[in-house]
Amino acid sequence: MNNKLISYFVSIFLGIAISLVGGFLQAAKSKFFINIPWGFALYLIVFFLAIRFIRRNYKSRFALICFSFGWLAIALLMSTKLQAGDLVLTNNIYAIIYLIGSVIILGAMTTLPIKK
């Protein structure tokens with residue numbers, strides 16, 4: 001019981017960390033004849049590796065749901081305008097793809113069967 005509880009907390013904190021890093025990283029681009037969104041590509045790699053880590057090590061859908069709640073809580077905070085006027089996820093195509101695409105991926109990964 002204690003190991004499961006720890007794995008759920010680790011999943012929540014991993015979701016929070018991935019959301020924080022991804023929220024700021026998804027806007028990074030390089031101008032090389034065209035805009036190359038290297039930050040978004042790096043975020044996707046880290047995002048899939050984190051999901052794979054949780055699926056392989058904890059073998060629990062609830063751990064993935066905890067990861068999703070941690071990710072979603074921070075992503076929602078970063079996409080709302082605060083009193084100070086700060087807004088991390090602005091209204092551009094990369095932020096919209098970041099939010100909607102990540103939610104679709106999280107939904108798909110939580111419903112896939114876990115290999116025992």
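Colleague: Is Lys-59 buried, exposed or partly exposed?

Modeller: Buried means under 20% relative accessible area, exposed over 50%, and partly exposed in between, with a 1.4 Å probe and protein chains only. Lys-59 counts as partly exposed because its relative accessibility is 39%. Bear in mind that this is a predicted model, where local features need pLDDT of at least 70, side-chain atom pairs count only at pLDDT 80 or more, and totals for chains, interfaces and linings use all residues. Residues are numbered from 1 along each chain as its sequence is written, and side-chain values use heavy atoms, leaving out hydrogens and water.

Colleague: What is the phi of Lys-59?

Modeller: Most residues other than glycine have a negative phi. Lys-59, although not a glycine, has a positive phi of about 50°. Lys-59 lies in the loop between helix H2 (38-58) and helix H3 (61-78); helices are DSSP runs (H or I, at least four residues), numbered from the N terminus.

Colleague: How do I read the packing of H1 and H2?

Modeller: Two packed helices are described by the angle between their axes and the distance between the axes. Axes are lines fitted to C-alpha atoms over the stretch in contact, and angles run from 0 to 180 degrees between N-to-C directions. Helix H1 (residues 2-25) packs on H2 at about 175°, with the axes 9 Å apart. H1 is therefore roughly antiparallel to H2 (an angle over 145 degrees). Leu-14 of H1 and Phe-53 of H2 are among the residues making the contact (heavy atoms within 4.5 Å).

Colleague: Which residues does Phe-53 touch, leaving aside neighbours within four places in sequence?

Modeller: Phe-53 is in contact with Leu-14 and Tyr-58.

Definitions and conventions. Helices (H or I, at least four residues) and strands (E, at least two) are DSSP runs, numbered from the N terminus. Angles under 35 degrees count as roughly parallel, over 145 as roughly antiparallel, 65 to 115 as roughly perpendicular and the rest as oblique.
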